[in-house]
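Please consult the sequence and the model while reading.

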Amino acid sequence: MWSVAQPTVPGAGALVRAPDDLPRRYRRGVARRPVPRPLTRRAHVSGPVVWSEATRSALYGHGGFYHRPQGPAGHFRTSVHASPLFASAVAALLARLDDAMGHPDRLDLVDVGAGRGELLGQVLDGLRGGGSLAARVRLAGVDLAQRPPDLDQTVGWSADLPEHVVGLVVANEWLDNVPVDVVEAGPDGPRRVMVDPASGEESPGGPIGLRDAAWLSQWWPLDGVPLGWRAEVGFPRDLAWAAAVRCLDRGVALAVDYGHLLADRATGGYAGGTMAGYRDGRRVRPVPDGSCDITAHVAVDSCAAAGVSAGADSTVMLTQREALAQVQAPVPAGARDQLLHRSQLSELVDPDGLGSFTWLVQSVGLGGWQPLTGPT
Ligand SMILES: C[S@@+](CC[C@H](N)C(=O)[O-])C[C@H]1O[C@@H](n2cnc3c(N)ncnc32)[C@H](O)[C@@H]1O
């Protein structure tokens, strides 16, 4: 099964990372599986370099943006920060999966790109209400950043994916932070776009390699397009997502991110590229000097195909708005709580913001069972 909803483009929410001026934004005795990760540990690279190298260093190098104390929440707002209703939805998904799997002795919830562990903390709080799931669930965060000091001791934490996950793998706004290269249509075909990490100034680079060319021809074709049209080469995200899907023995992998699809990319919908910077709650020029987040929209269809190659036997793509209509926390009883609930939910389902994010849901080893239905 593969149903595809067209994600709309995130709008101008002030703190939500979603470029608004674009044409259309787990250790405990178990084996580990490395997430495809930054190769460089240098604090700074000197330019010009390809965008992926500059981004790796800026975000994940020594002292890089994501190793700073503030964490993602200090600079922008994800669904996790916006409302605990997002964690409730993840918990509801986990409960559905638990039912479908016949209540196994152990059920994993692995949060990849877990930030400061906020989602896991919220899910844990929700589970404290009781039920058999609370005793069987094993929570784990995967992030390049250090284990958050205030994270509950029962929650595992590692820079690498675990092996043999039985349960749910979640990646909220992870893939958009997996560094990619930028290329543009030049007079002699697609060429690399180089960037000076200190200034963010770009310059034309040499011809692209075979791997980039193969990915582009399938997922973001630049043949015959006007000079200067840009593309962001998404295969590092495909590799990252495939690794997350592959760690599942049985279960579901969920990526939530701002995405785009081939039909729009191929027709120039993102010809200007989607690279963006975020700092202190504002969108800023993407200068890969470590002072700001560097992010780009995710080619979710390409990631989905990589997930299938990694063993997923069922795929659904839908918007967060559509997904939350299917997995929602119960409306509370009191009038004030109802008001709060409505306002928090409205941010999560805003069609011009977080509501337009894509939920890529892929199942492994469940006979094609899916926790959510795709759009009709
Ligand atoms: C935008 S933040 C999202 C944090 C959290 N999921 C949330 O919704 O608030 C992206 C996170 O992905 C992490 N990350 C990026 N690449 C990673 C990798 N290869 N392995 C593990 N974590 C990674 C970053 O360190 C950062 O904490």
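## Strand β8 and its parallel partners

In this predicted model, strand β4, which spans residues 107–112, pairs with β8 in the parallel sense over 4 bridges. Within this pairing, Asp-111 has Val-170 in β8 as its bridge partner.

Strand β8 is also joined to strand β13 (residues 248–257). These two strands run parallel, and 8 bridges connect them. Here Leu-168 stands opposite Val-252 in β13.

## An open antiparallel sheet

Strands of a sheet pair through backbone hydrogen bonds, in either a parallel or an antiparallel manner. An open sheet of 3 strands, in the order β16-β15-β17, shows antiparallel pairing. The edges are formed by β16 (282–284) and β17 (293–295). Because each of these edge strands has a single partner strand, one side of each is left without a neighbour in the sheet. From one strand to the next, the twist averages 35°.

Strand β15 comprises residues 276–279 and runs antiparallel to β17, to which 3 bridges join it. Which residue in β17 is the bridge partner of Ala-276? The partner is Thr-295.

Key: Residues numbered from 1 in each chain as written. Predicted model: local features only at pLDDT ≥ 70, side-chain atom pairs only at ≥ 80, totals over all residues. Pairing = 2+ DSSP bridges. Axes fitted to C-alpha atoms, helices over the stretch in contact; angles between N-to-C directions.
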